[in-house]
Every structure is written in C-alpha cells, then in structure tokens.
Amino acid sequence: MIHSWIKSAPICSKGLFDNNSIIENTLPAIQKAVDCGYNLIINLSLTKDNRLVVCDSKKSYILLSCHKRIETISSDDKENLQLLGTTNCVPLLNDVLNLVNGKVGIIFKISASNKYKKIITELVKQLAFYKGKTAVVASSYQMYFFAKKISKNLLCGIILHKKSSKLIYNAILFANINFFKLLKPSFIICDIANLPNKYLDDYLLYNPYSFIIGRTVYDKSSYLTALNYADGFVFENYTI
C-alpha cells in the first residue's frame, strides 16, 4: 500500500530532544531521529512574513526565548526565533525537507486555526518537488476536506482530540464513525488511553486499508498498549 510506511517504523514527535541540549522541532532533534530511522511527526506554523516553519504555534510563546507567538515574528528575525535560551532557531520547512531528504517519512501536523488554508496551500507547493514520503494529519473535518481539495494525491489522516474521559471520547467516536466511513482517511491518530476501542475497530472492518496510530508513548505501559492495539504509534521522549 502507498501509505504503509506510516506503520513501518515508530513515529517520533518533534524529533529526539530533551529541551536542554537539544530542543524540540529543531534541526539537531530532527537529525537525531533521522539517524535512528524513525518517521517524524512535526508541527507547522506560519511566520509574520508567511514562511512555513517547523514550530507549534500554541507552544511558541513558551519555547521562544522572546516569549512571542511565532506568527508575530518574521523569518529573518533570528534573534527572536531562538529557542529556550539557546542559539537554536525555529527552522524553515525547506531546511527540514533538505535535511530529511526522503530518508524517513514525515507527517505534518496542522493545528486548527484561521491560517490552516494558507499553511496547507504553501505546504503542497513546497512538496511538489520533494521525493520523500509525506502525509498531513488534519485536526478538523474542514481542514481534511480542504487538504484533499487542494491535492487529491495528498495522503491525509485525522487526529482525534484528547477528551477528559473515555466515556466522552467514545460518545464522540460513536457520533462520528459514519463521517470516517465517508471520508476514508488513510490513518486515524487517537490517544493511547482510548485503546482498544470498539468504534475504531468497526471503522477498520469497513475500511481495512486504513491504519490506527496511537499517541503518545511516554512509558512502558503505553508502549505495550500501542503494540497490542494500534498499527503504529507516536512517541515522545521515550527510548524505544
């Protein structure tokens, strides 16, 4: 299958980092993950001058030494793009693509915001000549539809938002399972704490070519759950 790479190796969230000597979503963190052969899931955001960068917009004011949101900073303002008091800067997407160079697969996570259309449009442009394996995970149905509209060949999945309890999580899944059957996402990323799940099992019976990816492995217990009940998993700061 064209998207089988998604489950062929563990998926490393934001690269391998400790946020001390190596900062998340930086080139050194991503290089370390690539050297280990892990697939990647990375966040995308837009700068003030509409350049795509690898950064979580919601966490940027915490990670950036200047304590500003990434969308208020221009891509050439290196001083304000430094992370956690280090000389590491938020990298441009183009620099990350050049570094990875098809060695591992990349899943691009796009958070819900009023800029998701710009982010997806620019991403598709930059991926036009990239030879590696890539996918997008959408955080809303509107985002999913837009991504597929922009590029029918774009590999696209859905990420299920974390909820306060498994009961609420399952109620939402029950209400949305028919949407999954209609959309036929290539993969669904869901919380480890909500696996196994009978509603996702029902979806897989309807669409056996889709994958369930568990997130996020932090310890041995969540690792074993992912191995038993998911086709693949996302991990962060855990030695596989």
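With a relative accessibility of 45%, Ala171 counts as partly exposed, and Ala171 belongs to helix α6 of what is a predicted model. Although 28 residues separate Ala171 from Tyr199 in sequence, their C-alpha atoms are 9.6 Å apart in space.

**Helix α6 and its partners**

- The axes of α6 and helix α7, which spans residues 198–206, come within 9 Å of each other and cross at roughly 10°; because angles under 35 degrees count as roughly parallel, α6 is described as roughly parallel to α7.
- On the α6 side this contact is made by Asn170, Leu173, Phe174, Ile177, Phe180 and Lys181, while α7 contributes Tyr199, Leu200, Asp202, Tyr203 and Tyr206.
- Sorted by class, the residues of the contact of α6 with α7 comprise eight nonpolar, one polar and two charged.
- Helix α5 (residues 141–150) also packs with α6 (residues 166–183), at an angle of about 5° and with the axes 12 Å apart, so that α5 is roughly parallel to α6.
- In this second pairing, Tyr141, Tyr144 and Phe145 of α5 meet Asn176, Phe179, Phe180 and Leu183 of α6, and the contact consists of six nonpolar residues and one polar residue, with no charged residues.
- Phe180 of α6 is therefore listed in the contact with α7 as well as in the contact with α5, where contact means heavy atoms within 4.5 Å.

**The largest pocket**

- The largest pocket has a volume of about 660 Å³, and of the 26 residues that line the pocket, Lys109, Ile159, Asp191, Arg215 and Thr216 are the closest to its centre.
- Two or more lining residues come from each of the elements β2 (39–46), β4 (106–110), β7 (187–191) and β8 (211–217), with β2 giving the largest share, three residues.
- By class, the lining of the largest pocket is made up of eleven nonpolar, six polar and nine charged residues.

**The second largest pocket**

- A volume of about 420 Å³ is computed for the second largest pocket, which is lined by 18 residues, and those closest to its centre are Ile2, Thr134, Asn153, Leu154 and Leu155.
- Helices α4 (116–127) and α5 each supply at least two residues of this lining, whose residues divide into nine nonpolar, five polar and four charged.

**Cis peptide bonds**

- The peptide bond from Arg215 to Thr216 is cis, with omega near -10°; Thr216 is found in strand β8, and both Arg215 and Thr216 are among the residues closest to the centre of the largest pocket.
- Leu195 and Pro196 are likewise joined by a cis peptide bond, with omega about -5°, and Pro196 is found in the loop between β7 and α7.

- Lys14, which is not a glycine, has a positive phi of about 70° and lies in the loop between β1 (11–13) and α1 (27–35); at 10% relative accessibility, Lys14 counts as buried.
- Asn25, found in the loop between β1 and α1, also has a positive phi, near 60°, and is a residue other than glycine; with a relative accessible area of 3%, Asn25 is buried.

How values were computed
Residues numbered from 1 in each chain as written. Predicted model: local features only at pLDDT ≥ 70, side-chain atom pairs only at ≥ 80, totals over all residues. Heavy atoms only, no water. Axes fitted to C-alpha atoms, helices over the stretch in contact; angles between N-to-C directions. Helix = DSSP H or I, 4+ residues; strand = E, 2+ residues; numbered from the N terminus. Parallel < 35°, antiparallel > 145°, perpendicular 65-115°, else oblique. Nonpolar A, V, L, I, M, F, W, Y, C, P; charged D, E, K, R; others polar. 1 Å grid on protein atoms, 1.4 Å probe; cavity = no way out; pocket = protein on both sides within 12 Å on 5 of 7 lines; lining within 4 Å. Points joined across faces, edges and corners; volume = space filled by probe spheres on them. Buried < 20%, exposed > 50% of the residue type's maximum accessible area, 1.4 Å probe, protein only.
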